[in-house]
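Reader: I would like to learn how to read a model of this kind. Please take it feature by feature.

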Amino acid sequence: MTNGFNRDRDDFARGGRTLIVLPDQGDAHRDADARLDETAGLAAAIGLVVTEKVAVRVRAPKAATLIGSGQVEQLAVQVRQNEADLVVFDASLTPVQQRNLETALEAKVIDRTGLILEIFGERAATAEGRLQVELAHLDYQAGRLVRSWTHLERQRGGFGFLGGPGETQIEADRRLIRDRMARLRRELEQVSRTRGLHRDRRQRAPWPIIALVGYTNAGKSTLFNRLTGAHVMAEDLLFATLDPTLRQISLPGIDKAILSDTVGFVSDLPTQLVAAFQATLEEVVSADLLIHVRDIAHPESEAQRSDVEAVLAEIGVSELTPRFEAWNKLDLLDPERHEDVLVEAGHRDDVVAISALSGEGIDDLIEQVAAKLTAGHRRYWITLDAGDGAGAAWLHAHGEVLGQISEDLQTQYEVRLAERDYERFLQR
């Protein structure tokens with residue numbers, strides 16, 4: 001057998017035989033099998049073929065290999081039996097641990113952070129996304145003496161871990177990494193400034209911003225498509241979409257709002273990615289309303305909720321930002337569970353149960369969004385000339401007309417408006 005360790009490292013590609021290893025350190029909030037399934041899903045997202053999933057109990061992490069020497073020997077046997085090219089550890093490995101495990105297992109080894117960065121590298125579709133992912137890769141690899149970075153002087157791809165040019169040398173050129181990271185940060189700062197200008201223009205408009213957030217594969221893009229009529233990629237695939245998408249929508253009492261579909265979160269999201277994607281995630285930080293889309297049919301739904309809330313706190317989303325949860329994928333529940341979820345959601349004012357796929361509950365969701373955004377509206381009495389059709393249309397478009405009384409050549413409107421919209425109306 002010719003395994004991945006003995007082959008040139010540039011040979012790794014989609015379709016590589018992969019062994020998933022979970023060093024189980026007794027996380028009470030996570031089921032080991034569910035965690036293994038998620039990591040296998042991450043591997044499948046970039047075309048790796050998972051041949052086996054193994055949970056290894058770790059009582060005291062070892063500095064050299066994380067897991068015990070006997071467990072390493074058992075894994076080496078399984079690697080040979082599965083003819084695995086790649087071993088993915090669902091944990092964070094130090095550079096020393098990664099190198100020692102590669103030597104002992106005679107296979108390529110990457111950790112959870114490396115796997116997620118690889119997925120993001122493949123998913124990035126825009127220039128901004130590619131800059132962000134490359135910066136995260138470089139930040140992650142800066143302290144690892146297992147790659148060559150001389151290829152950064154050439155404008156070529158391949159900064160991933162499973163392949164690419166210039167990765168056969170052992171010594172890393174840290175100066176090239178630092179210089180490249182500095183250039184990337186300057187370019188991303190320019191992107192951030194441009195995005196900030198666009199955001200300032202939207203806020204002056206002023207149109208409310210609604211951000212969809214949630215765990216990867218919770219159904220955000222399907223819901224986005226349902227609400228906007230767009231055709232954003234929506235597949236049963238982890239991190240199916242990466243770059244943010246914004247579309248205009250209309251809501252009761254609001255003539256225009258901006259809906260943003262953001263990148264999905266995941267447990268143990270690499271800090272390098274959070275930092276690199278700060279410019280993109282600013283759309284979430286500045287949103288007027290967050291809709292947390294949850295896969296209510298997933299057995300780990302509650303743990304996923306905690307992971308998303310942790311990331312939101314990490315990127316600086318205020319606890320005061322209005323938000324509520326959309327319990328998605330009702331269509332996947334059996335009838336009894338379906339009814340239980342509807343009853344539970346009905347007893348809460350911060351939850352709407354929906355199926356973005358079938359459309360169930362979408363009307364309720366729209367009403368809830370409109371109610372949240374108009375909660376700060378006040379009631380005004382506005383008198384218009386009977387012939388002021390444009391003024392009447394403006395009131396209907398920007399507020400909620402509660403009633404009207406016509407007398408002689410004037411009409412008095414009772415209308416609920418945001419204070420800023422009332423000021424805009426007075427200046428028209």
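**Reading the model**

Author: Of the 428 residues of the protein chain, 51% count as buried, where buried means under 20% relative accessible area, exposed over 50% and partly exposed in between (1.4 Å probe, protein chains only). This is a predicted model, in which local features need pLDDT of at least 70 and side-chain atom pairs count only at pLDDT 80 or more, while totals for chains, interfaces and linings use all residues. Residues are numbered from 1 along each chain as its sequence is written, and side-chain values use heavy atoms, with hydrogens and water left out.

Reader: How many helices and strands does the protein chain have?

Author: Helices (H or I, at least four residues) and strands (E, at least two) are DSSP runs, numbered from the N terminus. The protein chain has 14 helices and 13 strands.

Reader: How is a pair of aromatic rings described?

Author: By the distance of the centres and the angle of the planes. Rings of Phe, Tyr and Trp (its six-membered ring) pair if their centres lie within 6.5 Å; planes under 30 degrees apart count as stacked, over 60 as edge-to-face and the rest as tilted. Searching the whole structure gives two aromatic pairs. Tyr380 and Tyr422 are stacked, at 3.9 Å centre to centre with 10° between the planes. This pair links distant parts of the chain, 42 residues apart: Tyr380 is in strand β11 (residues 378–385) and Tyr422 in helix α14 (residues 419–426). Tyr380 counts as buried because its relative accessibility is 10%.

Reader: Why is the pair of Trp394 and Phe425 tilted?

Author: Their ring planes stand at 45°, with the centres 5.6 Å apart, so the pair is tilted. Trp394 lies in helix α13 (residues 389–398) and Phe425 in helix α14, so the pair ties together parts 31 residues apart in sequence. Trp394 is buried at a relative accessible area of 17%, and Phe425 is buried at 7%.

Reader: What is the order of the open sheet of six strands?

Author: Two strands pair if DSSP finds at least two bridges between them. The order is β6-β7-β5-β8-β9-β10, with mixed pairing. β6 (245–251) and β10 (351–353) are the edge strands, each pairing on one side only. β6 and strand β7 (residues 254–261) pair in the antiparallel sense over six bridges.

Reader: Which strands does helix α10 touch?

Author: Contact means heavy atoms within 4.5 Å. Helix α10 (residues 301–314) packs on the sheet and touches β5 (209–214), β8 (289–295) and β9 (323–328).

Key. Axes are lines fitted to C-alpha atoms, for helices over the stretch in contact, and angles run from 0 to 180 degrees between N-to-C directions.
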